[in-house]
Amino acid sequence: MVTIKDIAQAANVSASTVSRVIRGNPRISTHTREKVKATMKAFNYQPNQAARTLATKQSNTIGIIQKSASIEDSQNPFVIDVLSGIFSECKNHGYSTISTTNNETIGIELEVQEMIHYHSVDGFIVLYSKKDDPIIDILKAHAMPYVIIGKSLTNDGIIHIDNDNVSASQSLTRLLIDKGHNKFLFVAETGDYEVVKDRVAGHLKAIEQAGSL
């Protein structure tokens, strides 16, 4: 069986260098990284992910928590763009991704708990913002690092990335009003998500402003 030491000897580098290449360490030069990867390919060497996770306590994997795995959500252009960016950036840094696949909150909770229990991920990206979310409570209870795509609802310093959905919805509604429209049907997804609240707020704000002109 081929080992890291065999790869190191064939590539004329140290075993620790091979290990760093496998982990995606950015400090390894492009030349060395490509040489080691070529040697691994030539020897048909596949790192033992389970053993590496056990030894380092790191999986080099990011968990992605979605609202649901429904066809409607998976085909959302915004979600597709966000996931594409996540996959690309994780790959650039030597990380894999694993996503929740359930459509119900209780099922997603169980998936997240399993990922944490089996040390399958090093952290999570949550693709939504929702008040009193039990999944966020699980992440906090296990001290798991996470990032939210959406509005931050707490003051605990959690990193979040968001658009100004109030302003965006307000601008869209104002555009329709300027074109002479005065009857609206606002279509929104179900669920107590902050993005929906903000878009409704922006829509109503534009109508209120138009009525006062």
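Two strands are taken to pair if DSSP finds at least two bridges between them, and the strands themselves (E, at least two residues), like the helices (H or I, at least four), are DSSP runs numbered from the N terminus. The structure is a predicted model, in which local features need pLDDT of at least 70, side-chain atom pairs count only at pLDDT 80 or more, and totals for chains, interfaces and linings use all residues. Residues are numbered from 1 along each chain as its sequence is written, and side-chain values use heavy atoms, with hydrogens and water left out.

Five strands form an open sheet with parallel pairing, in the order S2-S1-S3-S4-S5. Its edges are S2 (96-99) and S5, each of which pairs on one side only. In general, strands of a sheet pair through backbone hydrogen bonds, either parallel or antiparallel. Strand S1 (residues 61-65) is joined to S3 in the parallel sense over four bridges, and Ile65 has Val126 as its bridge partner in S3. Val126 also stands opposite Ile148 in S4. Strands S3 (residues 123-126) and S4 (residues 146-149) run parallel and are joined by three bridges. From S4 the pairing continues to S5 (residues 160-161), again parallel, through two bridges; here Ile148 is partnered by His160.

Together with S3 and S4, H8 makes a right-handed β-α-β unit; the crossover is right-handed if, with the strands pointing away from the viewer, the path from the first strand over the helix to the second runs clockwise. H8 lies across S1, S3 and S4 and runs at about 160° to S4. Such angles run from 0 to 180 degrees between N-to-C directions, with axes as lines fitted to C-alpha atoms, for helices over the stretch in contact.

H8 also packs against helix H7 (residues 105-117), at an angle of about 15° and with the axes 10 Å apart. That makes H7 roughly parallel to H8, where angles under 35 degrees count as roughly parallel, over 145 as roughly antiparallel, 65 to 115 as roughly perpendicular and the rest as oblique. In contact (heavy atoms within 4.5 Å) are Thr105, Ile108, Glu109, Val112, Gln113 and Ile116 of H7 with Pro134, Ile135, Ile138 and Leu139 of H8. These residues comprise seven nonpolar, two polar and one charged; Ala, Val, Leu, Ile, Met, Phe, Trp, Tyr, Cys and Pro count as nonpolar, Asp, Glu, Lys and Arg as charged, and the others, Gly among them, as polar.

Two further helix pairs complete the picture. The axes of H1 (residues 4-11) and H3 (residues 30-42) come within 9 Å and cross at roughly 120°, so the two helices are oblique to each other. Their contact involves Ile7, Ala10 and Ala11 of H1 and Lys35, Val36, Thr39 and Met40 of H3, a set of five nonpolar, one polar and one charged.

For H9 (residues 165-178) and H10 (residues 194-211), the axes come within 7 Å and cross at roughly 40°, which makes H9 oblique to H10. The H9 side of the contact holds Asn165, Val166, Ser169, Gln170, Thr173, Arg174 and Ile177, and the residues they meet in H10 include Val195, Asp198, Arg199, Gly202 and His203. Six nonpolar, seven polar and four charged residues make up the contact of H9 with H10.
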